[in-house]
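Hi,

Here is the structure for you to look through. My notes on it follow below.

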Amino acid sequence: MTQDHSRYILHVAVPRPLRTLLSYTCADESAPKPGSRVLIPLGKQHAVGLVIRVETAPPEDADSRFTLKPVEAILDTTPLPDAHLLELLQWGARYYHHPVGEVIFSALPVALRKPKPLSSRLQKLLGRYEAPSLAPVERNHLQLTDEQQQCLHSIEQWNLQAPLRPILLHGITGSGKTEIYLRLIAPLFAAGKQVLVIVPEIGLTPQLLLRFAHFFGDTPMACLHSALSDGERMKAWLQARSGEARIIIGTRSAIFTPAPNLALIVIDEEHDASLKQQEGFRYHARDLAIKRAQMLNIPIIMGTATPSLESLYNADTARFHYVRLNQRPGTTRKPDLQIQDTRPFELQAGLTPHSLQAIRTTLARGEQVMVFLNRRGFAPALYCPSCGWQASCQHCSVKMTWHARRNKLVCHHCGAEQATPLRCPQCQNPQLTTQGQGTERLELALQTHFPAAVVVRIDRDSTSRKGELEAKLATVRSNDPLILVGTQMLAKGHDFPNLTLVIILDIDQSLLSTDYRALERLGQLLIQVAGRAGRADKAGKVILQTSQPDHPMLHQLVGHGYTPFARQLLEDRKRWHFPPFGYQALIRASSTASMEKALQFLEQISQLLIVTDGADIQRLGPIPALLEKRANRYRAQLLLGSQHRAALHAALLQLLNPSVKLPGRSGIRWSVDVDPIDFS
DNA sequence: AGCACGCCGACT
DNA sequence: GTCGGCGTGCTC
């Protein structure tokens, strides 16, 4: 391999789990620009890599340790991610300690992993794209309330100040956060700018798109989410990259969409856990969005009815601007929250007599009821009353859920299914019994108890077929009296004007959980679900059923509202140096062989830390994960914490240093999760 | 992630 | 003697 004719050295991110760039020579007259793809030799294979840095080759071979290989082809003449996006992606790779090539290629449309130049067909398609009118279509603008007007004014003032700070918009459900977004976006169109809007779930996207379309007329928008085909995704991505799509709406991965004229980022429901990727490159879209806005020096606004403790703390310490919307236009009445002690009662259909009575009177008034239970299936356990046998998953350390409709046992962790056994496999007893209840059983019980009522169940099982969810939502929107039964799916977004009673079941587990984030999540969920009750002129009522009615935090939430509740939780976090008062990284390991192997592996990592670092790193573990076994892998974890982000960062860098050889890694899979939010 | 290399057990 | 098992290490 001679370097005689090489003019450039290219530093390339490759689609492999490597934490470094690889270097190649290039003999071409002009060098590829950073952000272009190149075809490279990689071992005995060929692969598509992305040029990160270009250097002029030294005049003579400077006796380097390697003889560099030449690139095989340059695939792009224009960069795919621009310089700014490349910088963001590299920052993300460093911050989350994830291989740079995987970060970059997970941010690009999959079509670009193939060694084909951007097709001329797509370029033509874009060339023919009709240039939209720049002026927003003024129609059907709601008059802003005084509160909204003031809020908008504050935000506009802040966005004129330097340095810019992220804005936290804390607005109760129905207070009109979207209206604020729209008004902030409007003037940007006149200037030919682009706006990126990140939403937690695809389910919320069509609604928001309609709202935007209604407000802005025929503004070209691009929509990016996981349900798109590769072609659709590519098209939306190219339209954003060309600057033609003016509004880009998408789920978390849309934070990596190129947008040359980006002027504002909106994060809707900033507290939502689905903004954090839970596999592979475990980034938080909100945090990367803040970084992106900072790099571009453009405003970012984060809206929610229930701010994450992190964001609330950032507002308290003036890292964020903070503004509230406390009123619901069109109604003055707040929902009435009640705690129902379940202990004194024999429950029917899982409900107390008081809850049943409330349902009856609500239906009689011609209004709708929602019963929220975050557990699908008929029953979470099937067991034998005579010998105590329980149906558990072969591959995971969990009980299987019995589904009545399909008459099957299903594992909600690995998806394994089994026919319902006719008799106990242990003692042959034919009388197997279920224990506990899920939405399927709740639906049946409510239907039995209220035979004349319409009961609609909305969960993953009852809405898996195409169009099913839409049909059910349409039924609810007819505003006829009915009982709505459902899981988490119901907690977000949907507007049901005639819904005036919400009953929330089975919150005990969260109240008693050892996960320090469980209470924060419960508070957010309760407020979000309660926000579904009582719209327009109808007062809403929310009943929380629990066997822990004296739990102080529950009283705090119900008695004083979300903010005092969150501040109380922040006090606890401060005492324990938990985030946001400290920083954490979770190292997970799993083994097909045994729990012992996974723990041993993490123990070695822990030992390494003792040697390399001393004082400032706290360790919890290694311990078996909450879910000890999943899909035939034994899972363990090691939690690292520090008061100083830099110290934690340095410790992780030491561990991941390629010179550190971790022995006995056969059959071990492991990963690093920086700023973890899920500890299962 | 792929892929090759290498070091041990059972086979035509 | 070799075929192939997977444990280990490398990819410019």
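A residue is near a strand or molecule if one of its heavy atoms lies within 4 Å of it. By that rule, the residues around DNA strand B are Arg16, Pro17 and Gln45.

Please keep in mind that this is a predicted model, where local features need pLDDT of at least 70, side-chain atom pairs count only at pLDDT 80 or more, and totals for chains, interfaces and linings use all residues. Residues are numbered from 1 along each chain as its sequence is written, chains are lettered from A and ligands numbered from 1 in the order in which they are written, and side-chain values use heavy atoms, leaving out hydrogens and water.

Now the salt bridges (a side-chain nitrogen of Lys or Arg within 4 Å of a carboxyl oxygen of Asp or Glu). The whole structure has 25 of them. One joins Arg282 to Asp673, with the closest N and O atoms 3.4 Å apart. Both Arg282 and Asp673 are buried (under 20% relative accessible area, with exposed over 50% and partly exposed in between; 1.4 Å probe, protein chains only). These two residues also belong to a salt-bridge network with Lys276 and Arg588.

Asp550 and Arg343 form another salt bridge, at 4.0 Å from N to O, and both of these residues are exposed. Arg376 pairs with Asp461 at 2.9 Å between the closest N and O atoms. Arg376 counts as buried because its relative accessibility is 15%, while Asp461, at 26%, counts as partly exposed.

Best wishes
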